[in-house]
Amino acid sequence: MATAPRMLTPLPQLAKAVADWVADVASLTQPERVHWCDGSDEEIRHLRAGLLASGELHALDQKNFPGCDLYRSHPSDVARVEKVTFICTTKQADAGPNNLWLAPADAHARMRELFSGCMRGRTLYVVPYCMGPIDSPLARCGVEITDSAYVVLNMAIMTRMGRAALERIAGEPNFVRGLHSIGELDPDRRFIMHYPEELAIESYGSGYGGNALLGKKCHALRIASWQARQEGWLAEHMLIVGLRSPAGEQHYIAAAFPSACGKTNLAMLIPPASLGGWKVTTVGDDIAWLHPGPDGRLWAINPEAGYFGVVPGTNPATNRNAYDMIRRDTLFTNVAVTTDNQPWWEGLETGAPAIDWQGRPYDPKNGPAAHPNSRFTVAATQNPSYSPHAEDPQGVPISAIVFGGRRRSVAPLVYEARNFTHGVLVGAGMASEQTAAAEGKVGIVRRDPMAMKPFCGYNFADYFAHWIDVGAKLANPPRIYHVNWFRRDADGKFMWPGFGDNLRVLAWMLERCGGRGGAIESPIGMLPRARDLNVEGLDLAPATLDALLAVDEDEWRKEVADIRAYLGEYGDRLPPRMLAELETTEGKLKR
Ligand code: SAT
Ligand code: MN
């Protein structure tokens, strides 16, 4: 029996508030065309074909990498730029010392000038999207207006994009408004402005990653962290990984690491052969929205639908799942290619680069063949370890929260916070060596509380207080840990093997959560003794393990003094309960 075709309301008629805003933006930016994205396969095929025809995308070897393309960004536009990223709140103190600030009116005036007429001759794309499962009460929606088809292709993978999102927006009181133009890609005319009070973002002059895919860091962290504070939840720079123990206990861990410190690898970890019986599943690799649940536990959703992951270093030994996942339907940005047109990057360990990330014949004198911040954009559903619970509207319950940085010294392999509030201090005191994910000098250690330094949309002092408040509401709060996979020996070599073997550390945490795992007290928290970690099948000298689990009190007195000095920048807005924990640690180190 034939069915009549379903009559669909034209997109511009679905949500009047969106249509009015699009009309305003179009009159400011003067595009040649306006295209409302419905998110259909046909639309994506059409956009991709257009970019291939114009030479902005390069098809890779379609036999071995079906559906894979390469995009080369402008060489001056390869990472997030924090020095032109602003939080624009009415009161400067609300943005805090952790953010660059501009008054909203000044920022809008500056951006109006840049946006004025900037889309002449271009297409304005209207990109409705939903962050989180489309039927989840915890999800939040936005609309990005952009003049970059490459951004649309990325948003189609990274978010639930298109008609369903716009239908949801039509029934909600508000949505996040993100206006983006690549402008002239001029580094001197590049700004990423956030107006948390207006739920708005304005980004100009960059087509790359977190600067341009506004659903990601701009919405799901900077704006969402502000919304979360008002609504009683947390928007965090965390992966979410599921772990089922050999005894069949299912746990979920949320872990915060700065960009390019291995979140994606940890989220899709493959257990080492010598640790049989574990099953690891991925809920998210970059962002977690954490909500106190009716059962007194913390529940997490991943607001994203895809991964924008660092490519270099990916190989079958470091991350088999990612390696397999990016062999089809993947958008590569700034990798190199081989003579037979396959993508290539440092650490791939097979093949050789012929053309570098800038499209030049490869010459080692020009530096790495793939940009160190080259990326893959791929749907989460392609991940072999994708969790069947990643789409659960209520999220997954979190047993443990992990904070971690890239530290060549000081921080031991793992330690456990004394209690939730101490855990907030541990997160607030995080530090890490700078990576290529943001512009700046790689390797410098900087304080990066909760890995949110570039992403918290308000004053860190208020943020720490909010964390403590959320914890106080939980009858069953997660335990909090700090890890450091990146400790080095005197020769500069990594002491811990990392990757799959990190499961040994996670397994100890879960033993602790179950009230079983052994530990000893140290001034900074609880640490496993060597015998508390399962190191079966691991080729690690006992002295190395002891060094990984050592707390050098002299180093830590300096570290804690450093943390106190850093926190001092936040003055008397800091929560006293967190400072009391700092005093406790200082007291323990004095003895
Ligand atoms: O460029 S992004 O912000 O999307 C990636 C990252 O820095 O984590
Ligand atoms: Mn990130």
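Which residues of helix 4 are buried? Keep that in mind as we set up. You are looking at a predicted model, in which local features need pLDDT of at least 70, side-chain atom pairs count only at pLDDT 80 or more, and totals for chains, interfaces and linings use all residues. Residues are numbered from 1 along each chain as its sequence is written, chains are lettered from A and ligands numbered from 1 in the order in which they are written, and side-chain values use heavy atoms, with hydrogens and water left out.

**Stop 1: helix 4**

Select residues 104–115, which make up helix 4. Helices (H or I, at least four residues) and strands (E, at least two) are DSSP runs, numbered from the N terminus. Pro 104, Ala 107, Met 111, Leu 114 and Phe 115 are the buried residues here; buried means under 20% relative accessible area, exposed over 50%, and partly exposed in between (1.4 Å probe, protein chains only). Look down the axis of helix 4: its buried residues fall within an arc of 90°, so they line one face. The arc is that of the directions from the helix axis to the C-beta atoms. An α-helix has 3.6 residues a turn, so residues three or four places apart point the same way.

Now turn to the face pointing away from the buried side, where Ala 105, Arg 112 and Glu 113 are exposed. Next, show helix 1 (16–29), strand 9 (176–181), strand 10 (191–195) and strand 11 (200–204), against which the buried residues of helix 4 pack. Contact means heavy atoms within 4.5 Å.

**Stop 2**

Colour the five strands of an open sheet, ordered 2-3-19-22-18 with mixed pairing. Two strands pair if DSSP finds at least two bridges between them. Strand 2 (57–59) and strand 18 (306–310) stand at the edges with a single partner strand each, so one side of each has no neighbour in the sheet. From one strand to the next, the twist averages 25°. Strand 3 (residues 69–71) and strand 19 (residues 331–333) are parallel partners over three bridges; among them, Asp 69 has Leu 331 of strand 19 as its bridge partner. Helix 2 (residues 41–54) packs on this sheet, touching strand 2 and strand 3, and its direction makes about 95° with that of strand 2. Axes are lines fitted to C-alpha atoms, for helices over the stretch in contact, and angles run from 0 to 180 degrees between N-to-C directions.

**Stop 3: Phe 332 and the cores**

Select Phe 332. Leaving aside neighbours within four places in sequence, its contacts include Leu 60, Tyr 71, Val 311, Trp 345 and Phe 376. Val 18, Phe 332, Phe 464, Trp 467 and Leu 567 touch the most other members of the largest nonpolar core, which has 153 residues. Such a core is a set of buried Ala, Val, Leu, Ile, Met, Phe, Trp, Tyr and Cys residues joined through side-chain atoms within 4.5 Å. A second, separate core of 37 residues includes Leu 239, Val 241, Phe 257 and Val 505.

**Stop 4: strand 15**

Five of the six residues of strand 15 (residues 279–284) are buried, so this strand is largely enclosed by the rest of the structure. Strand 13 (residues 238–244) runs antiparallel to strand 15, joined by five bridges. Find Arg 244 and its bridge partner, Lys 279.

How values were computed. The expected span of a helix is 1.5 Å times one less than its number of residues.
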